[in-house]
Amino acid sequence: MKRGLIAILLLLLISAASAQEITPAGIKPGTILYGLDKGIEKLQAGLSGQGLPRARIYMLFGEERLAEAKYLVDANKPDKLVETINAYQSNMGLADNELEKANSIGLDISKILEDMEVANSKHITVLEYVLAKSPDSAKDAVQRALDNAKENAAALKEKNKKAGIFDDILDDVLISQEELRQKAEE
């Protein structure tokens, strides 16, 4: 019972955070409390269950690492940048793995695929920004993350297209065009 309530609370927190442009950095790398923050994240992931809830939480953690990377380049503190970018990629990979698990047992993953596609486009923008401001020592890691995000964006777009996620929007547009044509004929 308690575990279910905690999972619901986590999902509510994740939903509220995903409505923002990008998750705020929170506790910054290199601070005393950063290790504690990472420990709490492990606990949250463990309590979130498997599949879709865990995929969402890993996606949120990935966004937090990306916000931390942006903070690091903005604050001119690039010493932890490569580690942070690698953690971003790891979290996004874990989110993908959890999605595959959910999909393999027949769960509907269409909503999270749509969310991931939207988030991924934001990630690409932030990664391009971070790359532009990165020191030479971190450019390779950031470029790899950017390339991976672009590959994931293409894959997500294809998955969403196959799943027909955006078909309802296209249907509305087609209906509107047909209605316009009929009114023009009248």
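Author: Let's start with Asn76, which sits in the loop between α3 and α4 (81-104); helices here are DSSP runs (H or I, at least four residues), numbered from the N terminus. Keep in mind that this is a predicted model, where local features need pLDDT of at least 70 and side-chain atom pairs count only at pLDDT 80 or more, while totals for chains, interfaces and linings use all residues. Residues are numbered from 1 along each chain as its sequence is written, and side-chain values use heavy atoms, with hydrogens and water left out.

Reader: Is Asn76 buried or exposed?

Author: Buried means under 20% relative accessible area, exposed over 50%, and partly exposed in between (1.4 Å probe, protein chains only). Asn76 has 66% relative accessibility, so it counts as exposed.

Reader: What about the phi of Asn76?

Author: Most residues other than glycine have a negative phi. Asn76 has a positive one, near 55°.

Reader: Which residues is Met59 in contact with?

Author: Contact means heavy atoms within 4.5 Å. Leaving aside neighbours within four places in sequence, Met59 contacts Met92, Ala95, Asp115 and Met116. Met59 belongs to helix α3 (residues 52-74) and is buried, at 8% relative accessible area. Met92 is 33 residues from Met59 in sequence, yet their C-alpha atoms are 5.7 Å apart.

Reader: Where is Asp37 found?

Author: In helix α2 (residues 34-47). Not counting residues up to four places away in sequence, Asp37 touches Ile27, Glu64 and Arg65.

Technical notes
Helix = DSSP H or I, 4+ residues; strand = E, 2+ residues; numbered from the N terminus.
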